[in-house]
Amino acid sequence: MSHSLRPINVVQNYLKYPEGSCLFAMGETRVLCTASINDDVPEHAQKSGKGWLTAEYSMLPRATTERSSRGKIASGGRTKEIQRLIGRSVRAVVDLPRIPQLGIILDCDVLQADGGTRTASVNGSFIALVKALRRWKKEHGLPAWPIQDYVAAVSVGLVDGKPVLDLDYEKDARADVDLNVVMTGAGHYVEVQGNAEHKPFTHAQLIDLLKLAQTGIKRIIQVQKKILGDVRA
């Protein structure tokens with residue numbers, strides 16, 4: 001069993017103009033995450049008197065070993081799936097009724113992909129979001145602080161029959177089982193995505209993978225805490 005996370009590096013305030021931004025790296029995977037705040041709230045949120053948060057995800061055409069066309073990346077089902085995952089994950093720790101009339105867009109652009117792009121996007125976009133809300137609170141004020149907890153994500157898998165944490169591309173390509181796990185700082189699950197690539201796996205193996213993911217997520221949240229401090233205030 002491999003308990004090691006790839007090295008994590010975060011460059012805060014990577015861009016000048018967004019309310020919040022960071023360059024989030026896990027190993028050789030690098031994702032530019034930004035959080036933009038405005039008053040563009042969808043009708044369903046306006047009617048219920050709450051703000052809204054959504055996410056967009058994309059990869060640079062040459063983020064991988066071979067170039068992909070921009071149109072193919074944007075229209076792909078995988079892209080839409082990952083966007084929904086990022087949005088659900090971050091919304092899980094945001095009390096949207098506390099920020100009525102505010103719309104937040106998280107943009108996650110993969111500059112370099114070496115496995116775990118969706119989990120890195122969750123981790124980096126949460127940092128960008130907190131920084132954006134703090135800036136907005138300072139410059140415009142907020143009715144109430146909406147962040148309730150940390151949220152982080154990591155991949156785990158069975159490679160050569162052994163549980164492995166934080167898969168890079170080479171390990172992901174060889175994995176018999178691949179899971180993406182999202183959890184809050186309180187240890188509650190937000191999402192578990194996964195499947196058997198080659199052969200079914202047992203309940204005991206699933207439990208081992210979830211325990212390994214929990215270990216990795218705790219370490220990622222420690223990184224977030226070092227950068228952000230207490231996010232509940």
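Predicted model: local features only at pLDDT ≥ 70, side-chain atom pairs only at ≥ 80, totals over all residues.
## The five-stranded sheet

Let's start with the sheet that has mixed pairing: five strands, open, in the order E1-E2-E3-E5-E4. Its edge strands are E1 and E4 (52-59), and each of them pairs on one side only. Ignoring direction, neighbouring strands here are turned by 20 degrees against each other on average.

At the E1 end, E1 and E2 run antiparallel and are joined by five bridges. To find your way along that pair, look for Asn 9, which stands opposite Ala 25 in E2. Two helices come in on this sheet. H4 lies across E1, E2, E3 (29-38), E4 and E5 (103-112), and runs at about 35 degrees to E3. H6 packs on the sheet too, touching E1 and E2, with its direction at about 25 degrees to that of E1.

## The four-stranded sheet

The other sheet to look at is open and antiparallel, with four strands in the order E7-E6-E8-E9. E7 (162-165) and E9 (189-196) sit at the edges, each pairing on one side only. From one strand to the next, the twist averages 20 degrees.

E6 (residues 151-159) pairs with E7 in the antiparallel sense over four bridges, and Leu 158 has Pro 163 in E7 as its bridge partner. Helix H3 (residues 77-91) packs on this sheet, where it touches E6, E8 (175-184) and E9, and its direction makes about 150 degrees with that of E9. Helix H6 (residues 203-228) packs here as well: it touches E6, E7, E8 and E9, and its direction makes about 140 degrees with that of E6.

E8 and E9 pair in the antiparallel sense over seven bridges.

Asp 176 lies in strand E8. Which side chain of opposite charge is nearest to Asp 176, and how far away is it? That would be Lys 199, at 5.3 Å. The cut-off for a salt bridge is 4 Å, so Asp 176 ends up buried with no salt bridge.

The contacts of Asp 176, leaving aside residues up to four places away in sequence, include Leu 158, Asp 160 and Gly 161. Further along the chain, Asp 176 also touches Asn 195, Ala 196, Glu 197, His 198 and Lys 199.

## Cysteines and Ser 121

The disulfide count comes to zero. Cys 22 is in no disulfide, and the nearest cysteine sulfur, that of Cys 33, is 4.9 Å away. Cys 22 counts as buried because its relative accessibility is 0%. Cys 108 is in no disulfide either; for this residue the nearest cysteine sulfur is again that of Cys 33, at 4.2 Å. With a relative accessible area of 1%, Cys 108 is buried.

Since its relative accessible area is 0%, Ser 121 is buried.

Most residues other than glycine have a negative phi. Which way does phi go at Asn 13, positive or negative? Positive, at about 50 degrees, although Asn 13 is not a glycine. This residue lies in the loop between E1 (8-12) and E2 (20-26).

Asp 166 is the other case, with a positive phi of about 60 degrees although it is not a glycine. You'll find Asp 166 in the loop between E7 and helix H5 (169-174). It counts as buried because its relative accessibility is 3%.

Notes. Residues numbered from 1 in each chain as written. Heavy atoms only, no water. Buried < 20%, exposed > 50% of the residue type's maximum accessible area, 1.4 Å probe, protein only. Pairing = 2+ DSSP bridges. Axes fitted to C-alpha atoms, helices over the stretch in contact; angles between N-to-C directions. Contact = heavy atoms within 4.5 Å. Lys, Arg positive; Asp, Glu negative; His and termini not counted. Disulfide = S-S within 2.5 Å.
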